[in-house]
Amino acid sequence: MKTDIVILGAGAAGMYCAIEAARRGRRVLVIDHAKAAGEKIRISGGGRCNFTNTGIAADRFLSRNPRFALSALKRHTQWDFVARVDEAGIAWHEKTLGQLFCDGPSTQIVKMLLDQMCAAGVQLWLGTSVEKVESGFRVVTSRGVVEAERVVVATGGKSIPKMGASGFGYQLATQFGLNVIETRPALVPLTFAEQELIHLQPLSGIALEARVTTGASFDEALLFTHRGLSGPAILQASSYWREGDGLTVDVLPGRSLSADLRQLRSEQPRIALRTALTRHMPEKLARRMEEICGVTGAIGALSNGAIEAIERQVHAWQLKPVGTEGYRTAEVTLGGVDTEELDPRTLEARRVPGLHFVGEVVDVTGWLGGYNFQWAWSSGWAAGQAV
(Lines give C-alpha, C1' and ligand atoms only; values in the text may rest on other atoms or scores of the structure.)
Protein backbone atom coordinates (compact mmCIF):
# COMPACT_ATOMS: atom_id res chain seq x y z
CA MET A 1 0.00 0.00 0.00
CA LYS A 2 1.15 3.54 -0.74
CA THR A 3 0.02 6.75 0.93
CA ASP A 4 1.26 10.30 1.45
CA ILE A 5 1.43 10.37 5.25
CA VAL A 6 1.63 7.67 7.90
CA ILE A 7 0.94 8.86 11.44
CA LEU A 8 2.02 6.54 14.23
CA GLY A 9 -0.35 7.01 17.16
CA ALA A 10 -4.06 7.79 17.39
CA GLY A 11 -3.83 10.02 20.43
CA ALA A 12 -4.47 13.76 20.70
CA ALA A 13 -1.47 14.92 18.65
CA GLY A 14 -1.73 12.19 16.03
CA MET A 15 -5.43 12.63 15.32
CA TYR A 16 -5.16 16.41 15.20
CA CYS A 17 -2.23 16.20 12.79
CA ALA A 18 -4.19 13.75 10.61
CA ILE A 19 -7.16 16.12 10.37
CA GLU A 20 -5.00 19.05 9.32
CA ALA A 21 -3.00 17.08 6.75
CA ALA A 22 -6.10 15.46 5.21
CA ARG A 23 -7.87 18.81 4.97
CA ARG A 24 -4.96 19.93 2.81
CA GLY A 25 -5.70 17.10 0.40
CA ARG A 26 -3.07 14.67 1.66
CA ARG A 27 -3.74 10.93 1.84
CA VAL A 28 -3.34 10.06 5.51
CA LEU A 29 -3.18 6.75 7.35
CA VAL A 30 -3.17 6.67 11.17
CA ILE A 31 -1.91 3.49 12.83
CA ASP A 32 -2.27 2.55 16.51
CA HIS A 33 -1.85 -0.72 18.37
CA ALA A 34 -4.72 0.11 20.74
CA LYS A 35 -8.24 -1.09 20.08
CA ALA A 36 -9.68 2.41 20.52
CA ALA A 37 -8.43 5.88 19.58
CA GLY A 38 -7.82 8.66 22.08
CA GLU A 39 -7.73 6.52 25.21
CA LYS A 40 -5.70 9.07 27.21
CA ILE A 41 -8.22 11.73 26.23
CA ARG A 42 -11.02 9.49 27.47
CA ILE A 43 -9.56 9.00 30.95
CA SER A 44 -8.25 12.55 31.40
CA GLY A 45 -9.63 15.10 33.82
CA GLY A 46 -11.60 12.52 35.75
CA GLY A 47 -13.47 11.65 32.56
CA ARG A 48 -14.22 15.31 31.73
CA CYS A 49 -11.03 16.08 29.76
CA ASN A 50 -9.13 19.17 30.83
CA PHE A 51 -8.55 19.94 27.15
CA THR A 52 -6.59 23.21 27.44
CA ASN A 53 -5.74 26.17 29.67
CA THR A 54 -6.26 29.92 29.30
CA GLY A 55 -2.76 30.67 30.62
CA ILE A 56 -0.51 29.17 27.94
CA ALA A 57 3.03 30.60 28.29
CA ALA A 58 6.61 29.41 27.85
CA ASP A 59 7.25 29.16 31.60
CA ARG A 60 4.49 26.55 31.90
CA PHE A 61 6.54 24.03 29.90
CA LEU A 62 9.67 22.08 30.81
CA SER A 63 12.24 21.37 28.12
CA ARG A 64 15.93 21.83 27.41
CA ASN A 65 14.57 24.73 25.33
CA PRO A 66 11.20 25.85 26.79
CA ARG A 67 10.78 28.46 24.03
CA PHE A 68 10.83 25.78 21.33
CA ALA A 69 7.12 25.10 21.88
CA LEU A 70 6.11 28.73 21.38
CA SER A 71 6.20 28.58 17.58
CA ALA A 72 3.40 26.01 17.46
CA LEU A 73 1.57 27.33 20.54
CA LYS A 74 1.35 30.86 19.12
CA ARG A 75 0.24 29.76 15.66
CA HIS A 76 -2.49 27.47 16.94
CA THR A 77 -3.60 28.79 20.31
CA GLN A 78 -5.87 27.53 23.06
CA TRP A 79 -8.59 29.76 21.64
CA ASP A 80 -8.27 28.12 18.24
CA PHE A 81 -8.95 24.78 19.85
CA VAL A 82 -11.79 26.20 21.96
CA ALA A 83 -13.36 27.47 18.72
CA ARG A 84 -13.39 23.91 17.38
CA VAL A 85 -14.92 22.61 20.60
CA ASP A 86 -17.62 25.27 20.32
CA GLU A 87 -18.18 24.44 16.66
CA ALA A 88 -18.74 20.81 17.62
CA GLY A 89 -21.38 21.88 20.15
CA ILE A 90 -19.41 20.63 23.15
CA ALA A 91 -20.27 22.54 26.33
CA TRP A 92 -17.36 23.43 28.61
CA HIS A 93 -16.52 25.38 31.73
CA GLU A 94 -13.50 27.01 33.35
CA LYS A 95 -12.25 25.74 36.69
CA THR A 96 -9.42 27.03 38.85
CA LEU A 97 -6.18 28.31 37.38
CA GLY A 98 -7.54 28.65 33.84
CA GLN A 99 -8.32 24.97 33.36
CA LEU A 100 -11.02 24.27 30.73
CA PHE A 101 -13.10 21.10 31.08
CA CYS A 102 -15.97 19.51 29.17
CA ASP A 103 -19.33 19.76 30.92
CA GLY A 104 -20.05 16.24 29.72
CA PRO A 105 -17.86 13.17 29.20
CA SER A 106 -14.42 13.41 27.62
CA THR A 107 -15.54 10.98 24.92
CA GLN A 108 -17.11 14.04 23.26
CA ILE A 109 -13.61 15.28 22.38
CA VAL A 110 -12.64 11.85 21.03
CA LYS A 111 -15.82 11.74 18.93
CA MET A 112 -15.17 15.25 17.60
CA LEU A 113 -11.70 14.23 16.44
CA LEU A 114 -12.86 10.93 14.92
CA ASP A 115 -15.73 12.67 13.12
CA GLN A 116 -13.36 15.27 11.69
CA MET A 117 -10.89 12.57 10.62
CA CYS A 118 -13.67 10.66 8.89
CA ALA A 119 -14.98 13.78 7.15
CA ALA A 120 -11.46 14.59 5.92
CA GLY A 121 -10.97 11.07 4.56
CA VAL A 122 -8.35 9.82 7.04
CA GLN A 123 -7.80 6.07 7.17
CA LEU A 124 -7.52 4.62 10.67
CA TRP A 125 -5.96 1.26 11.48
CA LEU A 126 -6.53 0.29 15.11
CA GLY A 127 -5.25 -2.88 16.76
CA THR A 128 -2.29 -2.73 14.39
CA SER A 129 1.29 -3.02 15.56
CA VAL A 130 4.21 -1.33 13.84
CA GLU A 131 7.14 -3.71 13.62
CA LYS A 132 9.66 -1.34 12.06
CA VAL A 133 10.06 1.85 10.05
CA GLU A 134 12.70 1.74 7.34
CA SER A 135 14.31 4.62 5.52
CA GLY A 136 12.33 5.66 2.58
CA PHE A 137 9.73 5.47 4.38
CA ARG A 138 8.64 1.82 4.50
CA VAL A 139 6.44 1.04 7.49
CA VAL A 140 6.13 -2.66 8.32
CA THR A 141 2.94 -3.40 10.25
CA SER A 142 0.93 -6.42 11.37
CA ARG A 143 -1.43 -5.63 8.49
CA GLY A 144 1.25 -5.40 5.85
CA VAL A 145 3.77 -2.93 4.48
CA VAL A 146 2.92 0.73 3.86
CA GLU A 147 5.08 3.07 1.83
CA ALA A 148 4.76 6.77 2.58
CA GLU A 149 6.33 10.10 1.66
CA ARG A 150 6.36 11.21 5.28
CA VAL A 151 6.02 9.69 8.74
CA VAL A 152 4.73 11.52 11.81
CA VAL A 153 5.62 9.97 15.16
CA ALA A 154 2.84 10.67 17.67
CA THR A 155 3.34 7.64 19.87
CA GLY A 156 3.32 9.49 23.20
CA GLY A 157 5.58 8.68 26.14
CA LYS A 158 5.96 5.87 28.65
CA SER A 159 3.28 7.03 31.10
CA ILE A 160 0.39 4.68 31.98
CA PRO A 161 1.80 1.50 30.39
CA LYS A 162 -1.42 -0.44 31.14
CA MET A 163 -2.95 1.60 28.32
CA GLY A 164 -0.23 0.46 25.95
CA ALA A 165 2.30 3.26 26.41
CA SER A 166 5.83 2.34 25.38
CA GLY A 167 9.14 3.86 24.40
CA PHE A 168 8.69 3.04 20.70
CA GLY A 169 8.88 6.67 19.59
CA TYR A 170 12.19 7.18 21.39
CA GLN A 171 13.58 3.97 19.86
CA LEU A 172 12.55 5.19 16.43
CA ALA A 173 14.27 8.54 16.98
CA THR A 174 17.46 6.78 18.07
CA GLN A 175 17.25 4.45 15.08
CA PHE A 176 17.33 7.48 12.78
CA GLY A 177 20.28 8.98 14.66
CA LEU A 178 18.39 11.63 16.65
CA ASN A 179 19.32 12.58 20.20
CA VAL A 180 16.81 11.72 22.91
CA ILE A 181 16.82 13.55 26.25
CA GLU A 182 16.67 11.07 29.14
CA THR A 183 13.07 10.36 30.10
CA ARG A 184 11.45 10.07 33.52
CA PRO A 185 7.92 10.10 35.00
CA ALA A 186 6.28 13.51 35.54
CA LEU A 187 3.05 14.76 37.10
CA VAL A 188 3.33 11.79 39.43
CA PRO A 189 2.86 11.15 43.19
CA LEU A 190 5.98 11.14 45.37
CA THR A 191 6.95 8.25 47.64
CA PHE A 192 8.90 8.14 50.91
CA ALA A 193 11.19 5.82 52.84
CA GLU A 194 9.72 3.64 55.58
CA GLN A 195 11.02 5.84 58.41
CA GLU A 196 9.17 8.84 56.98
CA LEU A 197 6.05 6.85 56.07
CA ILE A 198 5.60 5.86 59.70
CA HIS A 199 4.69 9.50 60.35
CA LEU A 200 2.90 10.22 57.06
CA GLN A 201 0.64 7.16 56.79
CA PRO A 202 -1.58 8.19 59.74
CA LEU A 203 -2.36 11.32 57.70
CA SER A 204 -3.51 9.25 54.68
CA GLY A 205 -6.69 10.65 53.15
CA ILE A 206 -6.18 14.21 54.41
CA ALA A 207 -6.38 16.86 51.69
CA LEU A 208 -5.66 20.57 52.12
CA GLU A 209 -4.51 23.62 50.19
CA ALA A 210 -0.74 23.96 50.48
CA ARG A 211 2.32 25.51 48.89
CA VAL A 212 4.83 22.93 47.71
CA THR A 213 8.33 24.02 46.68
CA THR A 214 11.13 22.12 44.99
CA GLY A 215 12.73 24.07 42.17
CA ALA A 216 9.37 25.82 41.67
CA SER A 217 6.44 26.63 43.99
CA PHE A 218 2.83 25.57 43.49
CA ASP A 219 -0.20 26.65 45.53
CA GLU A 220 -2.73 23.87 45.03
CA ALA A 221 -4.30 20.93 46.83
CA LEU A 222 -2.07 18.38 48.56
CA LEU A 223 -3.18 14.84 49.42
CA PHE A 224 -1.57 12.48 51.92
CA THR A 225 -1.61 8.86 50.72
CA HIS A 226 -0.49 5.52 52.18
CA ARG A 227 2.61 5.73 49.94
CA GLY A 228 3.44 9.41 50.45
CA LEU A 229 2.09 12.57 48.86
CA SER A 230 -0.14 13.30 45.89
CA GLY A 231 -2.64 15.94 44.77
CA PRO A 232 -2.16 18.71 42.18
CA ALA A 233 0.53 20.59 44.14
CA ILE A 234 2.66 17.45 44.40
CA LEU A 235 2.07 16.38 40.79
CA GLN A 236 3.23 19.81 39.65
CA ALA A 237 6.28 19.75 41.91
CA SER A 238 7.22 16.23 40.77
CA SER A 239 8.21 17.58 37.35
CA TYR A 240 10.91 19.68 39.05
CA TRP A 241 11.93 17.21 41.75
CA ARG A 242 15.11 15.16 41.33
CA GLU A 243 16.24 12.17 43.36
CA GLY A 244 18.04 13.42 46.45
CA ASP A 245 16.13 16.72 46.53
CA GLY A 246 14.06 17.84 49.47
CA LEU A 247 10.56 19.25 49.48
CA THR A 248 9.24 22.26 51.40
CA VAL A 249 5.56 22.18 52.31
CA ASP A 250 3.68 25.22 53.63
CA VAL A 251 0.46 23.88 55.14
CA LEU A 252 -0.93 27.39 55.77
CA PRO A 253 0.06 29.39 52.66
CA GLY A 254 -0.61 33.10 52.96
CA ARG A 255 -1.92 32.80 56.52
CA SER A 256 -0.31 33.90 59.79
CA LEU A 257 -0.37 31.68 62.87
CA SER A 258 1.68 33.48 65.52
CA ALA A 259 -0.86 36.21 66.35
CA ASP A 260 -3.57 33.60 66.91
CA LEU A 261 -1.28 31.51 69.12
CA ARG A 262 -0.31 34.52 71.24
CA GLN A 263 -3.97 35.38 71.73
CA LEU A 264 -4.84 31.81 72.71
CA ARG A 265 -1.84 31.73 75.04
CA SER A 266 -3.39 34.54 77.05
CA GLU A 267 -7.03 33.39 76.77
CA GLN A 268 -6.69 29.60 77.03
CA PRO A 269 -3.19 28.93 78.39
CA ARG A 270 -3.93 25.30 79.38
CA ILE A 271 -4.77 23.94 75.94
CA ALA A 272 -2.29 21.84 74.00
CA LEU A 273 -0.64 23.15 70.84
CA ARG A 274 -2.44 20.53 68.73
CA THR A 275 -5.77 21.85 69.98
CA ALA A 276 -4.81 25.38 68.98
CA LEU A 277 -3.63 24.18 65.56
CA THR A 278 -6.92 22.41 64.83
CA ARG A 279 -8.39 25.89 64.26
CA HIS A 280 -6.24 25.95 61.11
CA MET A 281 -5.75 22.34 59.98
CA PRO A 282 -7.11 18.79 60.39
CA GLU A 283 -6.55 17.25 63.82
CA LYS A 284 -4.17 14.48 62.69
CA LEU A 285 -1.97 17.01 60.91
CA ALA A 286 -2.08 19.28 63.98
CA ARG A 287 -0.80 16.37 66.10
CA ARG A 288 2.04 15.75 63.63
CA MET A 289 3.00 19.45 63.66
CA GLU A 290 3.03 19.37 67.45
CA GLU A 291 5.38 16.37 67.38
CA ILE A 292 7.73 18.03 64.88
CA CYS A 293 7.82 21.23 66.93
CA GLY A 294 8.66 19.19 70.04
CA VAL A 295 5.98 20.88 72.16
CA THR A 296 4.70 18.63 74.95
CA GLY A 297 3.09 21.04 77.38
CA ALA A 298 0.32 23.65 77.25
CA ILE A 299 0.64 26.72 75.06
CA GLY A 300 0.73 28.97 78.11
CA ALA A 301 4.37 27.94 78.55
CA LEU A 302 5.38 28.96 75.03
CA SER A 303 7.68 31.93 74.64
CA ASN A 304 7.32 34.37 71.77
CA GLY A 305 10.42 32.81 70.25
CA ALA A 306 8.86 29.34 70.45
CA ILE A 307 5.69 30.63 68.76
CA GLU A 308 7.74 32.15 65.95
CA ALA A 309 9.55 28.81 65.54
CA ILE A 310 6.19 27.02 65.27
CA GLU A 311 5.11 29.55 62.64
CA ARG A 312 8.27 28.87 60.63
CA GLN A 313 7.79 25.11 60.88
CA VAL A 314 4.19 25.26 59.66
CA HIS A 315 5.25 27.32 56.64
CA ALA A 316 8.40 25.34 55.87
CA TRP A 317 7.89 21.65 56.68
CA GLN A 318 10.93 19.86 55.28
CA LEU A 319 10.32 16.45 53.70
CA LYS A 320 12.55 14.22 51.60
CA PRO A 321 10.91 11.90 49.05
CA VAL A 322 12.90 8.90 47.87
CA GLY A 323 11.11 8.36 44.56
CA THR A 324 7.91 8.52 42.56
CA GLU A 325 5.15 6.04 41.80
CA GLY A 326 6.69 5.75 38.34
CA TYR A 327 5.21 5.54 34.87
CA ARG A 328 2.34 3.42 36.23
CA THR A 329 0.56 6.50 37.52
CA ALA A 330 2.52 9.33 35.85
CA GLU A 331 0.33 11.53 33.67
CA VAL A 332 3.17 12.42 31.28
CA THR A 333 6.79 11.68 30.46
CA LEU A 334 9.55 14.26 30.88
CA GLY A 335 12.31 14.32 28.29
CA GLY A 336 12.04 12.87 24.81
CA VAL A 337 13.23 13.74 21.33
CA ASP A 338 15.70 16.62 21.65
CA THR A 339 14.16 19.86 20.36
CA GLU A 340 17.54 20.75 18.86
CA GLU A 341 16.86 17.98 16.36
CA LEU A 342 13.54 19.45 15.20
CA ASP A 343 12.34 22.46 13.22
CA PRO A 344 10.00 24.34 15.60
CA ARG A 345 7.65 25.38 12.78
CA THR A 346 7.17 21.95 11.22
CA LEU A 347 8.36 19.48 13.93
CA GLU A 348 10.40 17.83 11.17
CA ALA A 349 13.74 16.22 12.00
CA ARG A 350 16.44 18.50 10.62
CA ARG A 351 18.65 15.55 9.66
CA VAL A 352 15.88 13.21 8.44
CA PRO A 353 13.61 15.03 5.94
CA GLY A 354 10.07 13.70 6.02
CA LEU A 355 10.21 12.44 9.62
CA HIS A 356 8.20 14.48 12.14
CA PHE A 357 7.68 14.14 15.92
CA VAL A 358 4.68 15.64 17.74
CA GLY A 359 3.12 15.64 21.20
CA GLU A 360 4.50 13.92 24.28
CA VAL A 361 7.30 12.08 22.46
CA VAL A 362 9.08 15.45 22.09
CA ASP A 363 11.08 17.00 24.95
CA VAL A 364 8.24 19.39 25.81
CA THR A 365 6.27 18.75 29.00
CA GLY A 366 3.55 21.05 30.29
CA TRP A 367 2.24 21.74 33.75
CA LEU A 368 -0.82 19.98 35.06
CA GLY A 369 -4.02 21.66 33.93
CA GLY A 370 -4.50 21.22 30.17
CA TYR A 371 -1.05 22.37 29.05
CA ASN A 372 0.00 19.01 27.66
CA PHE A 373 -3.17 18.68 25.61
CA GLN A 374 -2.59 22.13 24.16
CA TRP A 375 0.93 21.10 23.18
CA ALA A 376 -0.57 18.04 21.48
CA TRP A 377 -3.11 20.16 19.55
CA SER A 378 -0.58 22.84 18.60
CA SER A 379 2.27 20.52 17.61
CA GLY A 380 -0.12 18.25 15.71
CA TRP A 381 -1.53 21.27 13.89
CA ALA A 382 1.93 22.60 13.02
CA ALA A 383 3.08 19.29 11.57
CA GLY A 384 -0.24 18.91 9.79
CA GLN A 385 0.40 22.15 7.89
CA ALA A 386 3.80 20.88 6.71
CA VAL A 387 3.48 17.19 5.85
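Biologist: How many bridges join β3 to strand β6, residues 99-102?
Modeller: There are 3 bridges joining β3 to β6, and the two strands run antiparallel, where strands pair if DSSP finds at least two bridges between them. Strands (E, at least two residues) and helices (H or I, at least four residues) are DSSP runs numbered from the N terminus. This is a predicted model in which local features need pLDDT of at least 70 and side-chain atom pairs count only at pLDDT 80 or more, while totals for chains, interfaces and linings use all residues. Residues are numbered from 1 along each chain as its sequence is written, and side-chain values use heavy atoms, with hydrogens and water left out.

Biologist: And which residue of β6 is the bridge partner of T52?
Modeller: The bridge partner of T52 is L100.

Biologist: In what order do the strands of that open sheet come?
Modeller: The order is β3-β6-β5, with antiparallel pairing in this open sheet of 3 strands. β3 (50-53) and β5 (92-94) are the edge strands, each pairing on one side only. From one strand to the next the twist averages 25 degrees, with axes taken as lines fitted to C-alpha atoms, for helices over the stretch in contact, and angles running from 0 to 180 degrees between N-to-C directions.

Biologist: Which helix lies across β3, β5 and β6?
Modeller: That is α4, which runs at about 140 degrees to β3; contact here means heavy atoms within 4.5 Å.

Biologist: Switching to aromatics, how many pairs does the count come to?
Modeller: Rings of Phe, Tyr and Trp (its six-membered ring) pair if their centres lie within 6.5 Å, and planes under 30 degrees apart count as stacked, over 60 as edge-to-face and the rest as tilted. On that basis the count comes to 12 aromatic pairs. The ring centres of F81 and W377 are 4.2 Å apart and the planes are at 5 degrees, so this pair is stacked. It links distant parts of the chain, with F81 in helix α4 (residues 78-87) and W377 in helix α13 (residues 371-386), 296 residues apart.

Biologist: Are F81 and W377 buried or exposed?
Modeller: Both F81 and W377 are buried, meaning under 20% relative accessible area, with exposed being over 50% and partly exposed in between (1.4 Å probe, protein chains only). The two residues also belong to one aromatic cluster with Y16, F51 and F373.

Biologist: Which residue has its charged end over the ring of F101?
Modeller: The charged end of K95 sits there, 4.8 Å from the ring centre; the criterion is NZ of Lys or CZ of Arg within 6 Å of the ring centre and within 35 degrees of the ring normal.

Biologist: New topic: which residues make up the covered face of strand β13, residues 207-213?
Modeller: L208, A210 and V212 form the covered face, whereas A207, E209, R211 and T213 form the uncovered one. β13 pairs with β14 over 7 bridges in the antiparallel sense, and V212 stands opposite F218 in β14. Their hairpin has 3 residues between the strands, and G215 in it takes a positive phi near 85 degrees.

Biologist: Last one, where is H33, and why does it count as partly exposed?
Modeller: H33 is in the loop between β2 (28-31) and α2 (39-43), and it counts as partly exposed because its relative accessibility is 46%. Leaving aside residues up to four places away in sequence, H33 touches G127, T128, S129 and G164. A polar atom of the H33 side chain lies 2.9 Å from the backbone oxygen of G164.

Key. Polar contact = N/O pair within 3.5 Å; in protein donor to acceptor, adjacent residues only side chain to side chain.
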